[in-house]
Amino acid sequence: MNDSSVTLDSADAPAIAVNEPIISIDDLSFSYDLGKTNTLRNISLEIPAGKVTAFIGPSGCGKSTLLRCLNRMNDLVDTAKVTTGKISILGQDINAPDVEAIELRKHIGMVFQKYNPFPKSIYENVAYGLRVQGINSKSVLDQAVEESLQKSALWSEVKDRLNTSALGLSGGQQQRLCIARTIAVKPQIVLMDEPCSALDPIATARIEELIAELQQDFTIVIVTHNMQQATRVSDRTAFFYLGELIEYDETSTIFGNPKVKQTEDYVSGRFG
Amino acid sequence: MAKHFQRQGRRILGLDKQSWIKGFFGGNAGISIVVLFLICFFLMLEAFRFFPSHHEGLQVYRKSGQEYVGHLMEQADGYQEFVSFTNQAYFAEYDARYTKERGIKDSWDALLGEIEDEGEDLAEVLEDARDEEDEAAIAEAEGAYRTFLKDLTASVSRQSIDSFGRLEGHDDTWEKLLLAAQTYDPVEEETPDFVAEAIQVQKEGMHSFTEAKGEIAAAGTELKDLRSKLVAITAKIAEDAEAGQSARARKEALLAGATKMEGEDKAAALEEAEKIVIQDEFPFGERVQPLEEAKEAHRQAVAKMRTKLAVGIAKLPAQLESDKAAQLIAQIKNGQERFLDNVDRSLEKAQDWEFDKDVGFFESVAKFFFGRDWITNSSWTNVYGLLPLLTGSVVISCIALFFAVPLSIGAAIYVNRLATLREQNLIKPSIEMIQAIPSIVLGFFGIMVLGQHLQDWSQAAWVPEFLQIKDRLNAFNAGLLLALMAVPTIFTLCEDALNNVPRAYTEASLALGASKLQTVTRVIVPTAISGILAAVLLGLGRVIGETMVVLLVAGNRISMPDWGQGLGLMMQPTHTMTGIIAQEMPEVGEGTLHYRALFLVGLVLFSISLSINITAQRIIKRLGNV
């Protein structure tokens with residue numbers, strides 16, 4: 001990968017230069033109960049390509065909800081609804097009627113809070129995303145599996161037991177496997193929903209190193225509870241409170257010199 | 001004594017309140033376990049007593065020579081099938097080749113019948129007149145008869161005369177017949193030329209077939225004669241042997257009764273008891289002597305049957321106009337070799353028969369488990385073979401699962417993963433409601449509605465012939481109803497299994513760009529597969545133990561399925577292990593061999609259900625928690 005732009009192998013979408021906005025959220029309000037109460041209110045922000053953006057805030061502030069809006073995982077809730085505003089990714093309004101959530105998710109991967117590999121072999125876990133796209137060629141899959149496992153720094157640990165169950169790995173390995181599974185389909189954006197909250201400090205450190213490496217290839221949006229983590233891994237940070245975006249800026253600014261009082265109270269540990 | 005911390009409350013029978021409550025609940029659980037063990041115990045007690053009695057029964061069957069005659073009967077029955085097939089083929093061919101001629105002959109006969117019935121009086125008058133040679137009277141009587149014939153031929157219904165419609169399309173022949181009838185003379189009783197000619201043509205045309213048929217029919221005369229002779233002898237031996245066995249018991253009963261009687265009654269009873277001779281051993285050897293002597297005659301009869309049958313079959317015409325006849329004859333020719341092989345084998349067994357050879361105990365056990373016949377209330381001998389009942393149960397269960405499994409798994413997947421909340425609230429209770437239908441009602445529905453409709457539908461042109469339903473009550477019908485009964489069980493358990501698949505798997509799959517369907521087939525079902533398998537097994541357990549529906553709908557014909565029909569065997573009536581117990585248990589005498597055989601069938605059924613349930617539970621335990 002070169003530094004000037006993020007090229008996207010599987011994408012038929014245009015390449016976006018680093019630091020240009022890849023995700024634009026414009027005046028977004030979102031409701032889990034068909035609009036009676038808004039969980040997210042009038043959020044506008046732009047997420048730059050090729051960078052790591054962190055969402056922080058106290059529990060229930062809507063940061064995970066916003067993340068799940070980006071790949072339309074909230075579709076699973078029957079009563080979920082975008083009440084105002086829109087989200088554009090790669091210039092496309094993702095809630096437009098002719099956008100298929102399945103196609104969208106092929107370009108926007110997601111790593112979950114609790115590691116959740118399928119009860120299949122390590123190999124099949126990584127190959128899953130390609131297989132559902134109808135790719136069954138052994139050589140293509142072999143290559144993708146190796147590449148993805150290498151990128152997620154798991155290859156050397158599992159290369160001799162690819163056909164054993166993924167559930168036999170340690171927690172940190174399982175989470176890295178989930179990352180490998182996500183990047184195997186070569187998405188442009190990887191969403192991470194508190195990826196380290198179920199891991200011990202050593203496993204957490206490894207994941208954080210991995211995020212730093214993956215940043216070269218992917219745009220990463222990470223939700224985290226851990227403010228130190230946000231400072232360590234992210235380029236930009238958005239602070240949410242009660243469903244509203246309070247402040248969004250360079251990570252160093254948010255933690256060093258926040259403009260809003262609430263942000264300062266939160267990052268300094270006075271509440272939250 | 002301590003003043004504090006003492007137990008409060010009164011003690012009853014040395015136990016305090018807590019112990020009584022505990023005992024009450026424990027007792028409830030205990031009772032069910034005790035009852036289960038008692039049921040197992042009594043079931044086994046009765047069932048296992050079957051084997052000694054069965055062994056004894058087989059022993060008598062052999063000693064009395066019935067076994068020998070059984071082989072002979074087998075040969076004769078097999079032969080009889082050839083005769084019956086030949087006759088069927090003969091008439092089918094006859095009909096196809098000489099429809100018109102047969103129509104002429106039959107119609108003429110029918111017309112004559114009418115004429116003779118109606119014109120009996122007039123014919124007598126005519127005959128009398130001719131006897132008296134009174135010209136005027138003759139002329140008058142003839143005139144009257146002519147008028148009668150004219151009226152009759154004018155009024156006669158063509159349908160009732162030519163009832164098979166063989167003369168359809170031959171209107172001129174029909175007219176000719178009527179015309180001939182009009183000139184019929186009741187005294188001369190002449191047959192018109194064209195009728196005589198038709199009869200002659202048939203006779204000549206069918207000549208070679210008639211000859212072959214005669215040859216085949218005559219081939220087994222000796223065998224059949226021998227059979228009836230030996231059947232009578234051996235039946236008598238068996239009867240006497242049984243009477244001999246019960247003689248001691250009867251004598252004891254009479255003597256015991258006599259002690260309670262007075263005067264004449266007592267004397268009569270004692271006298272009768274005196275008359276009963278108790279033989280230490282029944283003289284089988286002496287009695288079966290005629291059978292030993294008949295062995296040679298039997299061999300000869302079989303040899304004769306073989307040759308004649310071969311000659312007769314060779315004479316059967318090769319050129320046939322009727323498809324049905326051609327089919328039957330092909331069947332005869334194909335079956336010939338196998339039949340003769342069977343005859344040889346059976347003859348060999350018969351010749352090997354010795355009345356005093358012991359029946360092995362294992363042999364008698366095998367006769368039950370691998371016996372292909374279940375014959376009860378027979379005037380000859382009762383046979384208890386499990387196989388037809390077991391296959392019946394298995395065939396019906398397979399049909400039921402074939403339909404129930406995809407339906408219930410599909411429904412469970414839909415409800416659990418794809419349906420909206422509203423649909424879930426509609427579908428789930430509806431499917432569970434099926435369980436509320438009493439099985440007798442389902443059976444009634446199967447007899448009155450489903451059976452008839454299935455039969456009608458199976459006559460449709462696109463249904464291959466082997467799947468056409470001949471009997472309204474059959475395995476397929478029963479299987480469909482059982483499928484309906486199994487659906488709620490499988491559905492509910494399947495749904496539970498799918499519910500146990502963590503939501504995280506669904507999310508992970510969807511986040512990777514899989515569709516809902518791909519998620520279901522590639523992640524959810526494989527994860528829940530053990531639960532689904534267990535659900536199917538428990539459904540099987542439900543189906544195989546179901547009684548009322550199969551008793552009403554399966555057709556209750558006890559026979560091995562005709563494997564030659566392929567899938568068509570689904571459409572045959574059959575009987576099941578559950579059905580036979582329900583059907584025959586009320587009629588059997590307690591403690592008889594038949595009674596115990598039914599208990600043994602029950603024990604087999606119980607073992608099957610038990611192992612299915614245990615397997616299902618193991619699967620759930622070992623693989624259930626993903």
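Biologist: Lys261(A): buried or exposed?

Modeller: Lys261(A) counts as exposed, because its relative accessibility is 54% and the cut-off for exposed is over 50%. Keep in mind that this is a predicted model.

Biologist: Which helix is Lys261(A) in?

Modeller: Lys261(A) is in helix α10 of chain A, which covers residues 261-267.

Biologist: And how far is Lys261(A) from Asn116(A), in sequence and in space?

Modeller: They are 145 residues apart in sequence, and the C-alpha to C-alpha distance is 38 Å.

Biologist: Switching to the interface. How many residues does each chain put into the contact?

Modeller: Chain A gives 23 residues and chain B gives 17 residues.

Biologist: What area is buried between the two chains, and what share comes from carbon and sulfur atoms?

Modeller: About 1,800 Å² is buried between chain B and chain A, and carbon and sulfur atoms account for 64% of that. On the chain B side, the residues losing the most area to chain A are Ala511(B), Leu512(B) and Arg522(B), which together make up 35% of what that side buries.

Biologist: How many salt bridges does the rule find across the interface?

Modeller: The rule finds one salt bridge between chain B and chain A. The side chains of Arg68(A) and Glu507(B) form a salt bridge, at 2.6 Å from N to O.

Biologist: How many residue pairs are in polar contact there?

Modeller: Five residue pairs are in polar contact across the interface, counting pairs with both residues at pLDDT 80 or more. On the chain B side, α21 (503-511) and α22 (516-545) each supply at least two of the residues that touch chain A. The largest share, eight residues, comes from α21(B).

Biologist: What does that side look like by class?

Modeller: The side of chain B that touches chain A has eight nonpolar, six polar and three charged residues.

Biologist: Salt bridges again, but over all chains. What is the count?

Modeller: The rule gives 38 salt bridges over all chains. One of them joins the side chains of Glu157(A) and Arg206(A), with 3.5 Å from N to O. That pair links distant parts of the chain, 49 residues apart: Glu157(A) is in helix α5 (residues 155-158) and Arg206(A) is in helix α7 (residues 201-214) of chain A.

Biologist: What are the relative accessible areas of Glu157(A) and Arg206(A)?

Modeller: Glu157(A) has 27%, so it is partly exposed. Arg206(A) is partly exposed as well, with 35%.

Biologist: Which residues of chain A form a network of salt bridges?

Modeller: Glu147(A), Lys151(A), Lys186(A) and Asp217(A) are linked that way.

Biologist: Now chain B. Which residue does Lys315(B) meet in a salt bridge?

Modeller: The side chain of Lys315(B) meets that of Glu211(B), at 3.4 Å from N to O. Lys315(B) is partly exposed at 35%, and Glu211(B) is partly exposed at 37%.

Biologist: And which residue pairs with Asp344(B)?

Modeller: Arg306(B) does, in a salt bridge of 2.5 Å from N to O. Asp344(B) lies in helix α15 (residues 323-352) and Arg306(B) in helix α14 of chain B, 38 residues apart. Asp344(B) has 33% relative accessibility and counts as partly exposed; Arg306(B), at 28%, is partly exposed too.

Biologist: Cysteines next. How many disulfides does the structure hold?

Modeller: Zero, over all chains. Cys178(A) is in no disulfide, and the nearest cysteine sulfur, in Cys196(A), is 12 Å away. Cys178(A) counts as buried, because its relative accessibility is 3%.

Biologist: Last one: Gln202(B), buried or exposed?

Modeller: Gln202(B) counts as buried, because its relative accessibility is 4%. Gln202(B) lies in helix α9 (residues 193-205) of chain B.

Biologist: What is Gln202(B) in contact with, leaving aside neighbours within four places in sequence?

Modeller: Gln202(B) is in contact with Tyr94(B), Tyr98(B), Glu101(B), Arg102(B) and Lys105(B).

Terms used. Residues are numbered from 1 along each chain as its sequence is written. Chains are lettered from A and ligands numbered from 1 in the order in which they are written. This is a predicted model: local features need pLDDT of at least 70, side-chain atom pairs count only at pLDDT 80 or more; totals for chains, interfaces and linings use all residues. Side-chain values use heavy atoms; hydrogens and water are left out. Contact means heavy atoms within 4.5 Å. Buried area is the accessible area (1.4 Å probe) that two parts lose on being put together, summed over both. A salt bridge is a side-chain nitrogen of Lys or Arg within 4 Å of a carboxyl oxygen of Asp or Glu. A polar contact is a pair of N or O atoms within 3.5 Å; within protein, one must be able to donate a hydrogen and the other to accept it, and residues adjacent in sequence count only if both atoms are side-chain atoms. Helices (H or I, at least four residues) and strands (E, at least two) are DSSP runs, numbered from the N terminus. Ala, Val, Leu, Ile, Met, Phe, Trp, Tyr, Cys and Pro count as nonpolar, Asp, Glu, Lys and Arg as charged, and the others, Gly among them, as polar. A disulfide is a pair of cysteine sulfur atoms within 2.5 Å. Buried means under 20% relative accessible area, exposed over 50%, partly exposed in between (1.4 Å probe, protein chains only).
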